[in-house]
Amino acid sequence: MSQRPSTLTPAFLDRLVARVPGTDGRTWKLTEVYTGEVLAELPQSSPTDIAGAFDASREAQKIWGSWPLKRRLAVLKKFHALVLENQMLITDIIQAESGKNRRMAFEESCDVPMGTSHYIKRAPKVLGDKKRPGPVPVLSYSNEVRRPKGVVGIIAPWNFPFATGISDTIPALIAGNGVVVKPDNKTALSPLFGVELLEQAGIPRGLVQMVCGEGPDVGPTFLASADYVMFTGSTATGRIIGELAGQHLIGCCLELGGKNPMVVLPDANIDEAVKGALFGAFGNTGQICMHIERLYIHDSVYEEFRDKFVAATKALRIDATYDFGPEIGSLVSPDHKDRVASHVDDAVAKGAVVLTGGRARPDLGPAFYEPTILEGVTAEMIAGKTETFGPVVGLHRYSTVDEAIALANDTDYGLNASVWGQDVDNAMSVARRIDSGNVNINDILATAYASKGTPSGGLKNSGVGARHGDQGLLKYTDAQNIAVLKKQVMGPQGTQTYDAYAKQTTLSLKLMRKFGIR
Ligand code: NAD
């Protein structure tokens, strides 16, 4: 194992966690995953702290929301540059707190500048007033005006703590909101550093707050205080957040779990599909909401694909080092490793066959688990239907495309899917029949996720709403309809009877349709 990066000094880490309110003195031991050593004592926020954080953000939002968009965007441009200047430090922090390999930590750090850059360019068009015709031609018009919601609450998971904590904060800020972020306790450091960079870039002090604690402790006050909630996490927690949002009559966006399929069509380039499957199944140690847990391969190429995939998986370099060498890192915690292992053990007990992997690697660290390929996974096994969220994938054969589509859709989830075939038109027609919010053709997930101009969200139990695209900015606003009537001409005029007015109205509705006026 290589040394923890020298950038992560106790003084630096203490400075980061000092930002979290915790007036009753409770702390949580945030550890380096590779060693289990404590990195920081993370304050745990009480209900009073949480309500106070929202109040402070609400005060600062009055200033921020009054700034013209151009001035807010100038701050975000500075922030973009600061993230790139500090990219290796961000990578160090993400890696230490999550245990992922350095390549993935670096790629995670790229998500924030990509999203920020997209919205800097797009926001003036999306947030600007839109003038529209009113009901009375010439004499009336309406303005669609976009107003910030107020203070947006962002609840983030541990698998991409910097990306989900900060990338979702950026459009909320651009739209003029204050933000309170609640990260997972395990991975609070990288979003805390993101908040520090936002302040260095020039957001008003207090505008972005962070509170920490176990979800069920934080949730009720958090939801009672927020004007909108952006939640990323499991489907089970998403249901709780949705219920609380309903009680408080606030909007929410829920980005939830998946059990994502990959379909290898008969004409797929097998070498490229194998390379894709390696990332799809094992990237971020299988802890990506959009990663692949079910692989459907056409009969005609099954053996070739399976043999190449198993050989390539055995050759993956798995290690606990802070350099770009390892292709696979650790799982996030020993508890999560036990959960992943329990899915594999259950599958094996019920008849699945392990083609490679299937064991923990305590020699590398307390939460390492080998990339694992299973054959013979059925719906009766936990891994058949439930999201494992680890480096475990099941291989399945199919003989017709209809069968592959039916198998891909045989899930309560609908977050992501991957279709491989050299005839792109054919692959596209397969993609359209898969019930999934994202489908990548000849890629796993990055092409869809990094297309920041297109909304990305889940169908079925994978979510409500979307991030990215114009929708990903507009959801942090309320539409105000400011309508103008230049002269009061509606209703019967002068001595006109209502009969005559009704006839005239019917006629004008007909004519407006005929000439395409309204
Ligand atoms: P989780 O639902 O347990 O926790 C997510 C966050 O919610 C954490 O910050 C947690 O502390 C908080 N939380 C938990 N209970 C809460 C409550 N009652 N009130 C308020 N907050 C609460 O999820 P997890 O295990 O940390 O993350 C993994 C899951 O996230 C997987 O299912 C994965 O697929 C999903 N995920 C989805 C996306 C997406 O964009 N769709 C992205 C990343 C992860």
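The model is predicted, with local features requiring pLDDT of at least 70 and side-chain atom pairs counting only at pLDDT 80 or more, while totals for chains, interfaces and linings use all residues. Residues are numbered from 1 along each chain as its sequence is written, and side-chain values use heavy atoms, with hydrogens and water left out.

An unreviewed UniProt entry places the feature "domain: Aldehyde dehydrogenase" at residues 26–481. UniProt positions follow the numbering used here, feature names are shortened, and annotations may be inferred rather than shown by experiment. Over residues 26–481 the chain is 43% helix and 21% strand. The end C-alpha atoms of this stretch are 47 Å apart. Helices (H or I, at least four residues) and strands (E, at least two) are DSSP runs, numbered from the N terminus.

Two strands pair if DSSP finds at least two bridges between them. Isoleucine 154 has methionine 230 in β8 as its bridge partner. Axes are lines fitted to C-alpha atoms, for helices over the stretch in contact, and angles run from 0 to 180 degrees between N-to-C directions.

Strand β9 (residues 251–255) holds glutamate 255. The UniProt annotation "active site", from an unreviewed entry, covers Glu255. Glutamate 255 counts as buried because its relative accessibility is 5%. Buried means under 20% relative accessible area, exposed over 50%, and partly exposed in between (1.4 Å probe, protein chains only). Contact means heavy atoms within 4.5 Å. Leaving aside neighbours within four places in sequence, glutamate 255 is in contact with residues including Met230, Phe231, Thr232 and Gly233. Among its other contacts are Ser456, Gly457, Gly458, Ser462 and Arg467.

A further set of strand pairings involves β11 and β14. Strand β11 (residues 292–298) pairs with β14 in the parallel sense over five bridges. In this pairing, leucine 295 has leucine 395 in β14 as its bridge partner. Strand β10 (residues 260–264) also runs parallel to β11, joined by five bridges. Asparagine 260 is partnered by isoleucine 292 in β11. Strand β13 (residues 372–375) pairs with β14 in the parallel sense over four bridges. Here threonine 372 stands opposite valine 392 in β14. Seven of the seven residues of β11 are buried, so this strand is largely enclosed by the rest of the structure. Strand β14 (residues 392–398) has six of its seven residues buried, and is therefore also largely enclosed by the rest of the structure.

Helix α9 (residues 215–225) packs with helix α10 (residues 235–247). Their axes come within 9 Å and cross at roughly 35°. The contact is made by Gly219, Pro220 and Leu223 of α9 and by Ile241, Leu244 and Ala245 of α10. Five of these residues are nonpolar, one is polar and none is charged. Ala, Val, Leu, Ile, Met, Phe, Trp, Tyr, Cys and Pro count as nonpolar, Asp, Glu, Lys and Arg as charged, and the others, Gly among them, as polar. Serine 225 also lies in helix α9. Serine 225 counts as buried because its relative accessibility is 14%. Beyond neighbours within four places in sequence, serine 225 is in contact with Ala51, Phe54 and Arg58.

Two other buried residues were examined. Lysine 100 is found in the loop between α4 (87–98) and α5 (102–127). Lysine 100 counts as buried, at 1% relative accessibility. Not counting residues up to four places away in sequence, lysine 100 touches Glu108, Asn159, Phe160 and Asn284, among others. Alanine 431 lies in helix α16 (residues 424–432). At 10% relative accessibility, alanine 431 also counts as buried. Its contacts, leaving aside neighbours within four places in sequence, are Val419, Val439 and Ile441. Alanine 431 and valine 263 are 168 residues apart in sequence, and their C-alpha atoms are 9.5 Å apart in space.
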